[in-house]
2 protein chains.
Amino acid sequence: RYNGKLLGGLLADGFDEAACASRYSSFLYRKISLHKPSSYLISRLRSYEDLHKRCGPNTQSYNKALEQLKSGKKIMGLTDCNYIVWISFSGLGNRILSLASTFLYALLTNRVLLVDQGKDMADLFCEPFPDKSWLLPRDFPLIDQFDSLNQNSPNCHGNMLKNNVINSSAMSKPSYIYLHLVHDYGDHDKLFFCDGDQSFLENVPWLIMKTDNYYVPSLFLIPSFETELRNLFPEKATVFHHLGRYLFHPSNHVWGLITRYYRTYLAKADERIGIQIRIFDSRRGPFKHVMDQILSCTLKEKLLPAVDMQDSVVNPSENAKLKAVLVTSLLSGYSEDLRNMYWEHPTMTGEVVGVYQPSHEEFQQTEKQMHNRKAWAEMYLLSLTDVLVTSAWSTFGYVAQGLGGLRPWILYKTENDTVPDPPCHRAMSMEPCFHAPPFYDCKAKKGIDTGILVPHVRHCEDISWGLKVVDDHDDL
Amino acid sequence: RYNGKLLGGLLADGFDEAACASRYSSFLYRKISLHKPSSYLISRLRSYEDLHKRCGPNTQSYNKALEQLKSGKKIMGLTDCNYIVWISFSGLGNRILSLASTFLYALLTNRVLLVDQGKDMADLFCEPFPDKSWLLPRDFPLIDQFDSLNQNSPNCHGNMLKNNVINSSAMSKPSYIYLHLVHDYGDHDKLFFCDGDQSFLENVPWLIMKTDNYYVPSLFLIPSFETELRNLFPEKATVFHHLGRYLFHPSNHVWGLITRYYRTYLAKADERIGIQIRIFDSRRGPFKHVMDQILSCTLKEKLLPAVDMQDSVVNPSENAKLKAVLVTSLLSGYSEDLRNMYWEHPTMTGEVVGVYQPSHEEFQQTEKQMHNRKAWAEMYLLSLTDVLVTSAWSTFGYVAQGLGGLRPWILYKTENDTVPDPPCHRAMSMEPCFHAPPFYDCKAKKGIDTGILVPHVRHCEDISWGLKVVDDHDDL
Ligand SMILES: Nc1nc2c(ncn2[C@@H]2O[C@H](COP(=O)(O)OP(=O)(O)O)[C@@H](O)[C@H]2O)c(=O)[nH]1
Ligand SMILES: Nc1nc2c(ncn2[C@@H]2O[C@H](COP(=O)(O)OP(=O)(O)O)[C@@H](O)[C@H]2O)c(=O)[nH]1
């Protein structure tokens, strides 16, 4: 029998419900996912939870590993527990995706994931693992260096490779290695995605990673992870869907924002349509060509009804469907135009269409508490819609589609201020796109198109050089 | 048996429904009025309709009266039909109130009401009378002079009195008299409200009136109208309520705006609260003291629930009431603040509160078609709420309260940018306020406080020198 509250076994039982209301009540706001987690994934999550409990902050093993790190000594023997520390970096969408990737990497390498709290990780998310926190204690030795860690740091994996300071003998391994997987990373950093380097990293007790990418697709191209990934995700394009729902439970503050908004504005609609508008343009906006693109896409794909500019239909029919459009955008202009259109004119179908936009923050303000709470609430609200339209390139939209289990219509990036034709395209899968994948054949030691190696890792719809996981049977 | 569709007999049967969808379906959007029209009012309306049919535009009687007007001849005998022409003047709220007053005056004096179309009367309203239009034909002889008619026009009643050109013999009566009842009118114009002058006007076939006021309260102080008014309105404070519902049927365009908005945003709420914000201040706004006043009023009067700034309640309870707040204002700031407050914080009661504002036109644009359609739609939507809060001095709010049969809470006008204490006060009646009444005792020929002469005409809550009709039993 499917356990809705635990998302079919994805979630562990026994958490304190009051401390994190979202964990066990999210299912009340969603349809049951069409994608069931595999029993192998479930068992691996449970064993990860045991590992985390045994190795998490302030356990004996943690303290021991910390001692070793502090002493700076090279490693003499195997440690009890190995760790991967995720540095809080970049916009919230990027963080959620990179953290999910890093959790998968932790699963694949039997590491314990610890999360740098940054300014607001604890304010935004509940603890995902029972008993022990996933938050890196604030007295972690290297914590003050997180901001300055970069490609040129002495312990940076790529840098060490470049300078040939890596020796394959375990004797000379440093007590920690910094992994730089930020979008601007170099060829040496990208060797992280080679089997050889993975085996080198294997016994380094502390990995510290900074990344703003969803690098899961390239993990699928590392041969040593192949079997495990196939077992974890028999349905391949569900990685973020499952791991995202497993990891990211909105904190009570954010859950309040989500549930109040949902109940006030969305719950009573017959259908909910999400439109995520994120325009990467140095000019201010709103732009007419973007509005035209949204209208053209939603009309062409029949996501929203056409309006009758002649106003010939007077009364909405008695049992007309009510559609709620949830718009997220930094600007209010697009949703105002849409709202006005459906107010000023009747639809051809007799449906009535309400348009809602929770916030319009005008510009990205990564460091403001309420700003990020709202950003998170809005990604989550988008994930509760029935039909989703997203903007190309945006991780904000990827989070929504993944959590929602939605294969969105992607609004192509516009060029020269004109509406692309077609204006949008249905995504192949609900998986996020890896924006900065390596193009390297580790064995042949030469460049290669990594988007055509296997059927389940393809180039993205919205970024031609990006990679995303798709299902073998996905509608391509 | 109460006939809902005809508003208890207020409306005549037999109109073409498609030409004016609002007329016979407004009852679907309203609770049944607590105030039934008197059978005498109903019979007078039916006989007015007969009169209008007999005397309306392009009838024989109309053409005859027109001939006389054109010839400019002094009147020799009684004419078939006498007319009062209402000039379209001022903001939409003012127009609706002055037109209702003028219709009542027409009823009291057995005149036929004809309505100057101005820029948009025909675009905004349906025809209220069967068979014959209430619109003054565009070829009406004096129509080009309407704009320039003023206190000093030769045929202006007050001016004639001032210059002593009025002679009580019927022989010397002009073929038309212009009545200037605009807020800036003078003492001689105000003699309109004296019995003597009414009997002088009696046989003038054409009265042309320009007014921006709801002058009904002063009609109640004219002795010769007393009996008729008592019979028409046994419940005195229902004059605008009944006449407004009788006269003002939104045109199909406007009805589309009303019904679509209502069904999309308001219909599913458990309770609807209207807040009409109209600030007469030369500075731009929004103002913090106004926002504070609104919050203070709605909280103190328990119209809206308080929020818990500590966020202690996490989940809205399952069967929490949904309240919809309809805000109208030229600016978007007030409703945004309110919407954010109820999004960011839970209510103490567990209720969820949605906040809606159809338009924010930024400034008054009396001449734009869509602007006035929206203004009319918004007044009407406010009238469909269950609880109404209005701004002092605004005829926009008076229209809403009168049509809705709502006794509003009036937000007092602020002074020195501080919140008044108390911030608002429940209105004595749903009647509009006459902003510029005369203070003259026609018999004693001296100044007098007209707000204390009879129990049912009192000074207004929001304008100390204004007059409004109240019921003898009204809660004072
Ligand atoms: N509330 C809100 N914030 C947004 C929106 N779009 C962008 N932002 C802000 O800008 C940041 C964008 O960074 P990110 O989440 O990584 O998404 P991306 O830049 O679209 O890939 C978000 O975290 C928000 O802080 C939006 O629609 N709503
Ligand atoms: N749509 C809209 N228009 C408004 C609002 N407040 C004022 N206006 C405009 O300003 C005019 C105000 O004039 P009037 O209706 O006579 O009301 P008053 O000035 O408040 O007595 C309206 O007719 C509208 O054109 C509002 O809340 N919504």
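**Cysteines and the ligand shell in a predicted model**

Cys156(A) has a relative accessibility of 0% and therefore counts as buried. The model is a predicted one. In chain B, Cys156(B) is likewise buried, at 0% relative accessible area.

Across all chains, the disulfides number 10. One of them is formed by Cys194(A) and Cys442(A), with sulfur atoms 2.0 Å apart. The torsion about this S-S bond is about -80°, so the disulfide is left-handed. Cys194(A) lies in the loop between helices H7 and H8 of chain A and Cys442(A) in the loop between strands E11 and E12, so the pair ties together parts that are 248 residues apart in sequence. Cys194(A) counts as buried at 5% relative accessibility, whereas Cys442(A), at 27%, counts as partly exposed.

In chain B, a disulfide joins Cys20(B) to Cys126(B), with an S to S distance of 2.1 Å. The link is right-handed, with 95° about the S-S bond, and both Cys20(B) and Cys126(B) are buried.

Attention now turns to ligand 1. The ligand is surrounded by 19 residues, which divide into 6 nonpolar, 11 polar and 2 charged. Helix H15 of chain A gives the most to this shell, with 5 residues. Among the polar contacts, an oxygen atom of ligand 1 lies 2.7 Å from a side-chain N or O atom of His371(A), and a nitrogen atom of the ligand is 2.8 Å from a polar side-chain atom of Glu378(A). The protein covers 97% of the 550 Å² of accessible area that ligand 1 has on its own.

Technical notes
Residues are numbered from 1 along each chain as its sequence is written. Chains are lettered from A and ligands numbered from 1 in the order in which they are written. This is a predicted model: local features need pLDDT of at least 70, side-chain atom pairs count only at pLDDT 80 or more; totals for chains, interfaces and linings use all residues. Side-chain values use heavy atoms; hydrogens and water are left out. A residue is near a molecule or strand if one of its heavy atoms lies within 4 Å of it. A polar contact is a pair of N or O atoms within 3.5 Å; within protein, one must be able to donate a hydrogen and the other to accept it, and residues adjacent in sequence count only if both atoms are side-chain atoms. Accessible areas come from the Shrake-Rupley method with a 1.4 Å probe; for residues, only the protein chains shown count as cover. Helices (H or I, at least four residues) and strands (E, at least two) are DSSP runs, numbered from the N terminus. Ala, Val, Leu, Ile, Met, Phe, Trp, Tyr, Cys and Pro count as nonpolar, Asp, Glu, Lys and Arg as charged, and the others, Gly among them, as polar. A disulfide is a pair of cysteine sulfur atoms within 2.5 Å. Buried means under 20% relative accessible area, exposed over 50%, partly exposed in between (1.4 Å probe, protein chains only).
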